[in-house]
Amino acid sequence: MKKIKDVLRLRFITNISYRQISRALNTPSSTAADYCKRFEITNYKIDEFLTLDEDEIYQLLFPEKSLPKTYKTRPIPNVEYIHKEIAKKGVTFELLWQEYKEQYPDGYGCSQFKEYYYKYKKRLNPSMRQTYIPGEKMFVDYSGLTVPIVDLSTGEFIKAQIFVSVLGLSGYTYVHATASQKVEDFIKSHVKAFEFYEGVPKILVPDNLKSAIISNNKKGIVFNDNYAELSRHYNFAIEPARVRKPQDKAKAEQGVQGIQRWILAVFRNKTFFNVDEINEAISPLLDIYNNKIIKRIGKSRTYLFEENEKKFLEVLPANRFIYKELKIASVNIDYHVELNRSFYSVPFKYLKEKVEIKYSTTLVEIYYKSKLIATHPRLYKINDSSTIKEHMPLNHQYQNEKMNPQRLISWGRNIGVEAKEFVEKRLDEAQYPVKAYRTLIAILSLAKLYGKIELNLALAYALKIDAKSVKSIESILSKKLYLVAANNVVKSNVFNNHENIRGSDYYK
């Protein structure tokens, strides 16, 4: 479903062709066209449509899915004939396709018709010269050369990574130093690049590093989740360079080579202590590099950018992209999800469902089928919880739950009197009974391992010392602390009550 939404976003918001969408999302252009035609029939506005539930989107796009599938064999276009005819003056793909459809009414659509030809032509001329459209592509890569940073605390050298982005038409270049090539730093460099250009290109062409592309092979392209989120936020397509095909990223290679000569070489005898110092040193040198006159053109990259490319970039969104980590989790029986040993509530109806957690240093967002269902401030204290009152079930709903207070009390009574008392006390102490469920279930389940009698004795001891956690109860059981305590009491009573014990009055 995410791929379908990405197709619609790239077509109707970013406004790129089906072929470009096909390369960016590893989806046949005919499939992309089919999704878009299905969307147009719905008469929804794209922004409104993308906010619908995934199930509702699926029903609107594929109402016929309940019908049995029928398969048809379509005739393959004669690509050799197309190649011969398209070279003739005045002949267009539209004309050739119409002739094909007259001969084969059940044949392929125009997009797939052209796709077959382009695949054939690529085999004929695999090294075609790259041509660039204003504002269409931005190439990104890291420099093979790094800049050393001295760690003041240890005196060791750390290699700062140098991110380079180049616009396709103008060659206008941006350079940014980061501590690593990890996803967070990689995305941060992209955000700064968009702000440097004051706009966003339609397509990004990264190299196949793991921060962008998980895998790129015959089975398809798998994008890093965070990088995919970045593309959705800024509405650009991702079209990674093919493996071992340097011509796909020639602009990036040229840009990297240029900044190594004109910027990084200047730093060879300088000492830096952090990446901020490097970026401050890069800024004036980058201006000089972009303002240099290109001999074969007679104009600078800055001039080409300002005059021919900047106006074609997409407008920056109102909000800057914030890097978030992703995690898939199941909603616990207490309608909370766990993240780094802290707990966050979701509406009670999502009990036991799989949800997606997106979190930053300050915020936690929880999604179900791409729909935002809960937002919380980020917690850092272990076992801390954030509970929204509206997420809780009403008291009268308890009897319909899989687990409820009365069932827990009955479970405790079945183990022993002290176990029942322990359960009642924990439920009374909890701000909301449901929040004690998970702990009590874990404690009462220990009867399977240690036996009911042992657990009941342990909970009796826990009541005396006010122990509450699962870890504490397990410690009492494993070390048999309740027996040690009982022996101490017996010994104390025996010695204190014996008739031959001399009291304090013996020497009086």
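Start by selecting residues 147-150 and 157-167: these are strands β2 and β3, which run antiparallel and are joined by four bridges. Two strands count as paired here if DSSP finds at least two bridges between them; helices (H or I, at least four residues) and strands (E, at least two) are DSSP runs, numbered from the N terminus. Within the pair, I149 stands opposite I158 in β3. Now look at the turn of this hairpin, where six residues separate β2 and β3 and G155 has a positive phi of about 80°.

Before moving on, a word about what is on your screen. This is a predicted model, in which local features need pLDDT of at least 70 and side-chain atom pairs count only at pLDDT 80 or more, while totals for chains, interfaces and linings use all residues. Residues are numbered from 1 along each chain as its sequence is written, and side-chain values use heavy atoms, with hydrogens and water left out.

Zoom out to the whole chain: it has 20 helices and 17 strands. Of its 508 residues, 44% are buried, where buried means under 20% relative accessible area, exposed over 50%, and partly exposed in between (1.4 Å probe, protein chains only).

Next, select Y197, I263, F267 and I278. In the largest nonpolar core, which has 77 residues, these four touch the most other members. Helix α9 (residues 183-197) gives this core its largest share, seven residues. Such a core is a set of buried Ala, Val, Leu, Ile, Met, Phe, Trp, Tyr and Cys residues joined through side-chain atoms within 4.5 Å. A second, separate core of 47 residues includes Y350, Y359, A374 and A419.

Stay with helix α9 and pick H190, which lies in it. Is H190 buried or exposed? Its relative accessible area is 0%, so H190 is buried. Leaving aside neighbours within four places in sequence, H190 is in contact (heavy atoms within 4.5 Å) with V140, F163, L204, Y227 and L230.

Now for the charged pairs. A salt bridge here is a side-chain nitrogen of Lys or Arg within 4 Å of a carboxyl oxygen of Asp or Glu, and the count by this rule comes to 20. Select R232 and D6, whose closest N and O atoms are 2.9 Å apart in their salt bridge. R232 is in helix α10 (residues 225-234) and D6 in helix α1 (residues 2-12), so the pair ties together parts 226 residues apart in sequence. R232 is partly exposed at 23% relative accessible area, whereas D6 is buried at 9%.

Then try D55 and K369, a salt bridge with its closest N and O atoms 3.0 Å apart. D55 sits in helix α5 (residues 54-61) and K369 in the loop between β15 (363-368) and β16 (371-377), 314 residues apart. For contrast in burial, show K324 and E365: both are buried, and their salt bridge has closest N and O atoms 3.9 Å apart.

I453 lies in helix α18 (residues 452-465) and is exposed, at 64% relative accessible area.
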